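Subject: Structure handover

Hello,

Here is the structure I promised to pass on. My notes follow below it.

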Amino acid sequence: MAETSSLNIPTVDLADLASGDASRLERAATALREAFGVFGLVYIKNHGVDTQALHRYYDAFAAFIARSPEAKKPYGRAELWYQRGWTPPNTEVAVAGNGQPDFKECYFVAPYPNDEVAAMEFPELYPENVWPPDAPPYFQDGIMTLGRSLHDAGLKLLRGSAVALGLPEDTFTQLCERAPHITRALQYLPLTPAQVNTDIVWGEEHTDFNLLTLLPGGRFLDPEGKPAPSPDDKSGLYLRTRATPDDPNGIKVRGTAPAGCIVAQVGQQLEILTGGTFLATPHVITAPGVSGWQRQSAAHFIHVHTSAVLFPLEKFRTPSAIRSYAPPVLAGTYDIKTLVDIGLAPPSALDKLGYRHYDRLNRQRAGE
Ligand SMILES: [Fe+2]
């Protein structure tokens, strides 16, 4: 696959979107159409995320991850489909990744209170947050603050995206209200010398299943666990561009943001709603060519509400989009199916999607 630098990916300035100035708005809209239409990814300037606070949080997260598996085990909650708390290593798999689990540990939190009615309908998608009572300082505040600032940036981008597509400004944001948004801290694990330069990747190539993902930028930890610059240029986030006649496999692009910028990625839900006008970005996190190094990163996943229907919006409902994205599916149902696909929910979760009371007839016939 051809490879190119990340220089062609547009940057959008959130100050342009807020300016009310027609020419600045048009500049942002043009950047968004190109970024989300071709790359599925945009760099964001003036995003409002506090980088110093982010690094303070990464320190706290590293201290938690450094604890023994026994100490972390109470926060690895399979019955919550790992949607809150700790994800143990070798748990999650990418759908296209031939079943090789990702080489990472994670921690999931919801930065906003749950929708209580939706939580009755989809208990595993809206559980309460899980916190270690003896968490390192800033473990809780750090990720809550980060999640909310990423969410605010994401909502601005979604309003800008709607305008860029000629839709009412609140088209996407109203679908997101009280949805199961989730913020995740990730730590990619050190390779042993024998694993270096094998086909092991930190995160297999995949597309995100939510609406929009915000990535504030990560950092490496050297073999002593100290923050350090990248040990080589082999490791990091790569994305795959849209297929074209010239490049049917797409082009591999490094997704490292310019200094001071964060990244936003299109997820499957935004692809479906726009009938493929914006495309979910396939991305992979490659491991370095040296042993002992780790990488920390974070992501905020904006979702549409579980009661929204995932299907191309009227404007994008061409015959080919209908064929590509039919049948319309409730977002909550879609979430359950995907969590089974990636190994976080058990296959039995799919039994919830049909009628569950057939046994009543048997009991009735038996006169119980
Ligand atoms: Fe991802």
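Arg-178 sits in the loop between α7 (173-176) and β6 (182-188). This is a predicted model, so please read every value here as computed. The phi of Arg-178 is positive, about 60°, although the residue is not a glycine. Most residues other than glycine have a negative phi. Arg-178 is partly exposed, because 16 other C-beta atoms lie within 10 Å.

Asn-197 also deserves a look. Its phi is positive, at about 60°, and it is not a glycine. Asn-197 belongs to the loop between β6 and β7 (203-206). It has 14 C-beta neighbours inside 10 Å and therefore counts as partly exposed.

Next, the cis peptide. Ala-326 and Pro-327 are joined by a cis bond, with omega about -5°. Most peptide bonds are trans. Ala-326 lies in the loop between α9 (319-325) and β17. Pro-327 is placed in the loop between α9 and β17 as well. Is Ala-326 buried or exposed? It counts as exposed, because it has 10 C-beta neighbours inside 10 Å and the cut-off for exposed is 12 or fewer. Ala-326 and Ala-53 are 273 residues apart along the chain, and 43 Å separates their C-alpha atoms.

Now the strands. Start with β13 (residues 262-266). Five of its five residues are buried, so β13 is largely enclosed by the rest of the structure. In a regular strand the side chains alternate between the two faces of the sheet. In β13, Ile-262, Ala-264 and Val-266 point one way. Val-263 and Gln-265 point the other way.

Which strands pair with β13? One is β3 (residues 41-45), antiparallel over four bridges. There, Leu-41 stands opposite Gln-265 of β13. Another is β8 (residues 212-215), which also runs antiparallel to β13 and is joined to it by four bridges. Leu-215 of that pairing faces Val-263 in β13. Thr-213 is opposite Gln-265 in β13.

β8 has a further partner. It pairs with β15 (residues 294-302) in the antiparallel sense, over three bridges. Thr-213 stands opposite Phe-301 in β15. Within β8, Leu-212 and Leu-214 point one way, and Thr-213 and Leu-215 the other. All four are buried.

Pro-216 comes in the loop between β8 and β9 (219-221). It is buried, because 27 other C-beta atoms lie within 10 Å. Leaving out residues up to four places away in sequence, Pro-216 touches Val-49, Leu-54, Leu-146, Leu-150, Ile-262 and Ala-298. Take Leu-146: it is 70 residues from Pro-216 in sequence, yet 8.6 Å away in space, C-alpha to C-alpha.

On to the core. The largest nonpolar core has 89 residues. Those with the most contacts inside it are Leu-32, Ala-35, Val-42, Ile-44 and Leu-212. Helix α6 (residues 139-164) gives the largest share of this core, nine residues. What does Val-42 touch? Not counting residues up to four places away in sequence, its contacts are Ile-9, Pro-10, Val-12, Ala-31, Leu-32, Ala-35, Phe-36 and Ala-264.

Helix packing comes next. The axes of α2 (residues 22-39) and α6 come within 9 Å and cross at roughly 90°. From α2, the residues in the contact are Ala-28, Ala-29, Leu-32, Arg-33 and Phe-36. From α6, they are Gly-160, Ser-161, Val-163 and Ala-164. By class, this contact has six nonpolar, two polar and one charged residues.

Last, helix α10 (residues 331-341). Its buried residues are Ala-331, Gly-332, Tyr-334, Asp-335, Ile-336 and Leu-339. What covers them? The cover includes α5 (116-121), α8 (268-273), β16 (309-310) and β17 (329-330). Just after α10, Gly-343 takes a positive phi of about 85°.

Best wishes

Key:
Residues are numbered from 1 along each chain as its sequence is written. This is a predicted model: local features need pLDDT of at least 70, side-chain atom pairs count only at pLDDT 80 or more; totals for chains, interfaces and linings use all residues. A nonpolar core is a set of buried Ala, Val, Leu, Ile, Met, Phe, Trp, Tyr and Cys residues joined through C-beta atoms within 7 Å. A residue is buried if 20 or more other C-beta atoms lie within 10 Å of its own, exposed if 12 or fewer, and partly exposed in between; C-beta atoms are placed from the backbone. Helices (H or I, at least four residues) and strands (E, at least two) are DSSP runs, numbered from the N terminus. Two residues are in contact if their C-beta atoms, placed from the backbone, lie within 7 Å. Axes are lines fitted to C-alpha atoms, for helices over the stretch in contact, and angles run from 0 to 180 degrees between N-to-C directions. Ala, Val, Leu, Ile, Met, Phe, Trp, Tyr, Cys and Pro count as nonpolar, Asp, Glu, Lys and Arg as charged, and the others, Gly among them, as polar. Two strands pair if DSSP finds at least two bridges between them.
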